[in-house]
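Okay, thanks for coming, everyone. I'd like to walk you through one model today, so let me put it up on the screen.

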Amino acid sequence: MPTCGARRMIRLDHQTIDGARIAIITLDRHEKRNALTPDMLENIKLCADHVHEEQPHPRALVLAGAGDVFCAGFDLSLCRDDDLMMSALLTRLAETIRTLRRLPIPVVASAHGGAIAGGCALLCGADIVITNATAKLGYPVVRLGVSPAVTSPLLRAAVGQARTRERLLDPQLIDGAEALRISLAHECLDRADDVFPRAVAVAASLAAKPRHAIAVTKRWLNQLDGSYEDETLDRALNASLALAGSEEERERLAALWTN
Amino acid sequence: MSDLALLTIENAIATVTLNRPDARNALSPELLEALLARFDELAQRADANVCIIRGAGKAFCAGMDLKRILDDATAIANLLKSIAELTLKVRTLPIPVIAQVHGAAIGGGCGLTCVCDFAITHAEAKIGYPEVDLGVCPAVVAPWLILRVGAGQARRILLQGGTLSGARAYELGLVTQLTPADELENTVMSLAERLAKAGPGAISATKTWLNQLEGGETLAQQVRQGAIISAEVASSTEAQERLRAAFSR
């Protein structure tokens, strides 16, 4: 097993469906609604790197969350006594999204229940996003004095300029049906419990397709939509990092602990 | 000139017809050559204010015709280059272009649909990009599809392959209008008449400006680069095996 398997909170599993092998990375911290720590983000990246290298090659990847929601965002309790934590989280998030997007196999996000803030940003690393009608998605972080700019280039590729503006500036969450309407999600199911099996089925159907054609098509789409533009992606990260540890952020996060 | 592609102009409305109905208007080297010539001819004409592209027979266009040239990497590269040039010619034509999509628009045919300023179809039409299922990469048409539906939806459509119904294609924005099959011709004609009556200078300037906004030369480079990528993948062993199996069915 890879290093990532030895750690808790991120799980790497495999399934073979009709001869096609798929990998499944699961955020496994359901008691905290899969709230992300820097280690978890690093482990997702390590698992994705491993999936890229292992033999036999998995031909598609599912990114899923254990418990009731896909991911509630960063574990903000870590920021309480650590001024550098927010920067660490943002930097790891950016790396992880880039790694997922650049895998030569399709990535399907199984976003049931909720994908909030950093959890919603993770969806931008996926090629196909599946959610359910009552799931909550979005970027409420401006309330906390945090900027979601880090996610902006790939969110813009997914939903367009105007909707990116709306989603990143308005802290209000949207439901799965609205996420489908604006193309943040590609499929929206009625029941949260159906999301993961559907994600596995979609991944299996992609895994059965010709490998080279899929890899070249994904690489070309990445080229066309800016997924390889490190300079732009770095600038987006830096825009978020510039606010990390600001007075506004510290005050607003501190208010979380006192309320 | 070959009658594989026809051009007529009546009341300022040009109609270009893909005229290879026995092959569902599949884009062979000869058909592409004829289409390129027709669009060159049209670009020189001052008496057309709008253009309709349609297909003779049962389907608009079944995609690229690789059957006869499967063993010839150079011919495949040339075919894809021609498709790229055709899309660029349609896009840069200084008059609006409407795709009248009946029956099916597959692969390169769907690319032709996406590059038109307007595309009208019916709910039961079969539309899409099954390229990856055949081991082929739809790289030429990807930039046009992204402009139509956005990069996020394009990703799903191109990676999942298969085809969509006309109704679903309309929901995703891949076509711009849906009409009952038996009203398709009339619906297209009334749009063409509307466009033909508008100020030709204003329409042309607006289309040219929109082309510049969406990338102009950069986009053209991407489309041409896409032809090289598609040709490489179509000549791969994986694609050759899949295509041979599909042709022998």
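Let's start in the middle. The largest nonpolar core has 179 residues, and the ones touching the most other members are A:Leu61, A:Val108, A:Ile130, A:Ala203 and B:Cys51. By nonpolar core I mean a set of buried Ala, Val, Leu, Ile, Met, Phe, Trp, Tyr and Cys residues joined through C-beta atoms within 7 Å. Buried means 20 or more other C-beta atoms within 10 Å of a residue's own; 12 or fewer is exposed, in between is partly exposed, and the C-beta atoms are placed from the backbone. Helix α8 of chain A, residues 195-207, gives the largest share of this core, nine residues. Helices (H or I, at least four residues) and strands (E, at least two) are DSSP runs, numbered from the N terminus.

Before I go on, a word on what you're looking at. This is a predicted model, where local features need pLDDT of at least 70 and side-chain atom pairs count only at pLDDT 80 or more, while totals for chains, interfaces and linings use all residues. Residues are numbered from 1 along each chain as its sequence is written, and chains are lettered from A and ligands numbered from 1 in the order in which they are written.

pLDDT is the predictor's confidence in each residue, from 0 to 100. Chain A averages 94, with 97% of the residues at 70 or above. Residues 1-6 of chain A stay under 50, though.

What does A:Ala203 contact, leaving aside neighbours within four places in sequence? That would be A:Ile22, A:Ala60, A:Leu61, A:Val62 and A:Val108, where contact means C-beta atoms, placed from the backbone, within 7 Å.

Now the two chains. Chain B brings 30 residues to the contact and chain A brings 22. On the chain B side, α5 supplies the largest share, nine residues. That side splits into 15 nonpolar, nine polar and six charged. Here Ala, Val, Leu, Ile, Met, Phe, Trp, Tyr, Cys and Pro are nonpolar, Asp, Glu, Lys and Arg are charged, and the others, Gly among them, are polar.

The bond from A:Gln55 to A:Pro56 is cis, omega near -10 degrees, and A:Pro56 sits in the loop between α2 and β3 of chain A. A:Asp18 has a positive phi, near 50 degrees, and counts as exposed because it has 8 C-beta neighbours inside 10 Å. A:Ser183 has phi near 70 degrees, but with 21 such neighbours it's buried.

Methods: Two residues are in contact if their C-beta atoms, placed from the backbone, lie within 7 Å.
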